[in-house]
Amino acid sequence: MKLELLLRNADIITMDPDRPSARTLGIWNGLVVGLDEDLDGLAAAEILDLGGATVTPGFIDAHCHTTWFGLGLAELDVSKARGLEELYGLLEAAGPASGTDPDAGVKAASWLMATGFSQQRHGGEFPDIRELDRITGERPFFMRHNSGHMAVVNTAALRLAGADSPSYADPDGGVIVRDSAGRPTGLVQETAQALIQQLILPYSINQIEAALERATRHYASEGITSFTEAGVGGGWIGHSPVELAAYQRAAANGKLHARAQVMPVLDVLHRLDGHGDDGSGHGPAGLDLGMTSGFGDEYLSLGPAKVFLDGSLLGETAAVSREFCSHGQKDNSGNRGYFQAEPALLRERIEAAYAAGWSIAAHAIGDRAVDLAIDILADCDATYGPRTMPNRIEHASMTRPEQLGRLAAAGIAVTPQSSFFHDGGDGMAASLGPERLPWAYRASSFLSAGVTLAGSSDRPVADGNVLRGMQAFVDRKTSSGAVFGNPSERLTPYEALAAYTTGAAAATGTSAVKGSLAPGKLADFTVLSGSPLRADRIAELDVLATVVGGRFTHNTLTALQHSS
């Protein structure tokens, strides 16, 4: 056998407990074939001397929004603005073509689209709709909040949706926020966003394919080799009913620069009239042809079905057991957030999908939503048995101590995002108060309880850089320098690396082929300027190269390091 690529003189962190470290790694046919002495006597078409650089398994982001992120890269970015005057200035400077895509349809081309807004960057204030109307006039405006659970719009957009009247009824699971006189403020929460988005959607397959290429090139530059797209095809998080087709086209055209696991939104699953023996008492539910979780290949596959149970902590719409704390000028008396549908209806929908073969990824932020998720998923598993990949709770942002054992017993994986600590930690601390803050965004206690912890970003809701995410798991620092939540929830550097490798692979049901560097596994790896296990600041390491299936998707290594 002649290897395709041989790495030597490397500090290899394998994340394989049977062989934790190595200096040499061999690749053939996109797979790892051996390490160190396994490779004695084997020739290679290419030998790469890494000069002591560190190699880790490729980073896996287990929960992100890749289409949304890629589209945002072509929209007006307001994330750098500090203070509403700066924000207004950016909007005023936006020319007639700003925020549009030359491939956009007539509906999208006339809109001013902005991304990267969070009130935390503006002293907790939201834009004044009167100012927005002055700046934008009759041009409809849509600016999604970083959390994804609310958006800021102008009167022109509300008028197009027919939702500008004070008497317009809020949709189920959403709110058009109004002032004391009943006038819309421009803030639309949760499912109310769909009233506006339906005027813009769907994006074309060409637009989505281009967005995926932009996004995954960026992922490659950060060492990401695999990701899970947390919701496509419908709901307020989807961009087209044929979004999966855009993924297929991007993969076929070489424009998908990382392996993708795609979660369909539960809303797009529908009953199919198959053979009577195919159901489980609820009638089959699935995509066309009855596809379910796990369908696809090692490059593009279907993950769990995504379902939203509640809202967000930043927007104070998460379903919590005790009301949010009042802070600043915000009176939260009686505010315990809300579910996005009646719990009985959510259970019915989830059980139907599970019975048809789908694993479930339940978005549950507040502890009341986590209770509901555990109840439903544990019952589904007991009734219908395990699925091809673990059930998951996305975010699991607030978990009471007694919920930890229940999660572990039910085999439910969790995806808490450390990326929220810096920008959102101080705001969330004010909403929760000191008594409940130790429940927020656990990490170490999940591991101690035996719960699978997957590293993820929720990008573009938060920073998607994995090295900064690892740093945040280790120090839990907010923008004020405070430690977010309970200091004992900090992870060790090894545990932080595991979250984005072995942990994320386990949560996505792919441990057999990725997450560690061992013979027979996919040759997906990241080359770093130093070891994240020993670096003073993990976030300051550089990604020198990223490899997917033995192929470089990002490479800054010098030509002098190559020999054959």
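I count Ala, Val, Leu, Ile, Met, Phe, Trp, Tyr, Cys and Pro as nonpolar, Asp, Glu, Lys and Arg as charged, and the others, Gly among them, as polar.

The model is predicted, with pLDDT of at least 70 needed for local features and 80 or more for side-chain atom pairs, while totals for chains, interfaces and linings use all residues. Residues are numbered from 1 along each chain as its sequence is written, and side-chain values use heavy atoms, without hydrogens and water.

I looked up cavities: sets of points on a 1 Å grid over the protein atoms alone where a 1.4 Å probe fits but cannot get out. I found six of 30 Å³ or more.

Next, pockets: open sets with protein on both sides within 12 Å along at least five of seven lines. I noted 42 lining residues, and Arg121, Asp423, Ala462, Asp463 and Gly464 are closest to its centre. By class I read 10 nonpolar, 18 polar and 14 charged.

The second largest pocket has about 680 Å³. Its lining has 25 residues, with Gln119, Gly124, Phe126, His327 and Lys330 nearest the centre. I read seven nonpolar, 14 polar and four charged residues there.

Key
1 Å grid on protein atoms, 1.4 Å probe; cavity = no way out; pocket = protein on both sides within 12 Å on 5 of 7 lines; lining within 4 Å. Points joined across faces, edges and corners; volume = space filled by probe spheres on them.
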